[in-house]
Amino acid sequence: MASRKTVIFFLFLVVSALSWKAICPTDADDHEKIERLFRLQLKQLQNQLDLFKIQCQKKAGMTSIKESFKKARLRYKKAAVLLEYYYPNERRFINGPDLERAVEDNPAKIIAPHGFQVMERIIYNEVPAMAYPLLEDELSRLQTVLEAIQRQPNLSYKFKKETVIDAVKAALIKLVAKGITGFDSPIALYALPEASATLSGIQDILSIFQAPPKMSALVNAAIVNLQANNHFDSFDRLGFITRFAD
């Protein structure tokens, strides 16, 4: 039953997304607006990572470290709506699974994991004295990837309306299949605030494309629901799916 409701919820959102093409006019500067939004999201993420790194360098208490990590994750989730779609290779170094992987054309060569999920494991499992230098290294790697994206000029050519809509649909699939289930927050169990951040990122895009009011209202209602019921273990996922599917 739960899986059936999940499919219904997803199809409802996808149909809503598909309706943009027919309903929303495309302004000449929409591409530039999306680029400005994306660059702002990356800057806000980088700023939060800078603060996170400073705390690691100062060897702040682990409670503060965890809070900085969570704030950075929320910034990332807003940017991820576009970032994960347009930069799938970079995504693996930003928020890929904490698992070693083999090079496709050279299985003997193993690539170590990096990114947020590695940092999550370090924060929640490592002895603090060992965690700080490991976190600093991961943060430096992550910032290098983001800086490379930020240096790319004239990104607006990427952000055609049709592909941005595809990016939103991909983000919705991930939210349903992985977001509210905690797939990429397996230790911190911070999936519900992160799902809310994802929807907030989607809402920023909706405002640029002048999406139908019904769709914007649906996303807002979902955000409110997640913020009001953000305990991972007790969250009524079936109720959430049923409410926003009907």
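I began with Leu134, which comes out as partly exposed because its relative accessibility is 35%, and the cut-off for buried is under 20%. This is a predicted model, so I read everything below with that in mind. Leu134 sits in helix 6. Together with Val127 and Met130, Leu134 makes a nonpolar surface patch of about 270 Å².

Next, the inside. I looked up the largest nonpolar core and got 60 residues, with Phe38, Ile65, Leu83, Phe116, Leu199 and Ile205 touching the most other members. Helices 2, 3, 5, 6, 7, 8 and 9 each put in at least two residues. Helix 3 gives the largest share of this core, ten residues.

Skipping neighbours within four places in sequence, I find Leu83 in contact with Phe38, Leu42, Tyr76, Pro88, Ile94, Leu146 and Ile149.

Helix 9 got a quick check. Its 16 residues should span 22 Å at 1.5 Å a residue, and the end C-alpha atoms are 22 Å apart, so the two agree. I also listed the buried residues of helix 9: Met215, Ser216, Leu218, Val219, Ala222, Ile223, Asn225 and Leu226.

Then the charges. I count ten salt bridges in the structure. Which residue does Arg73 form a salt bridge with? The partner is Glu194, with the closest N and O atoms 2.8 Å apart. This pair links distant parts of the chain, Arg73 being in helix 3 and Glu194 in helix 8, 121 residues apart. Both ends are buried: Arg73 has a relative accessible area of 0%, and Glu194 is at 3%.

Asp184 and Lys77 also meet in a salt bridge, 2.7 Å from N to O. Asp184 is in the loop between helix 7 and helix 8 while Lys77 is in helix 3, so the bridge ties together parts 107 residues apart in sequence. Asp184 counts as buried at 10% relative accessibility, and Lys77 is buried too, at 11%. I noted that Arg73, Lys77, Asp184 and Glu194 are linked in a network of salt bridges.

Last entry: Asp98 and Arg121, a salt bridge at 2.8 Å, N to O. Asp98 is in the loop between helix 4 and strand 1, and Arg121 is in helix 5, 23 residues apart. Buried or partly exposed, I asked of Asp98? Asp98 is partly exposed at 24% relative accessibility, and Arg121 is partly exposed at 28%.

Notes:
Residues numbered from 1 in each chain as written. Predicted model: local features only at pLDDT ≥ 70, side-chain atom pairs only at ≥ 80, totals over all residues. Heavy atoms only, no water. Core = buried A, V, L, I, M, F, W, Y, C linked by side-chain atoms within 4.5 Å. Buried < 20%, exposed > 50% of the residue type's maximum accessible area, 1.4 Å probe, protein only. Helix = DSSP H or I, 4+ residues; strand = E, 2+ residues; numbered from the N terminus. Contact = heavy atoms within 4.5 Å. Patch = residues over 30% accessible without salt bridge, like charges linked within 9 Å, V, L, I, M, F, W, Y side chains within 5 Å. Areas by Shrake-Rupley, 256 points an atom, 1.4 Å probe, with all protein chains shown as cover. Salt bridge = Lys/Arg side-chain N within 4 Å of Asp/Glu carboxyl O. Expected span 1.5 Å × (residues − 1).
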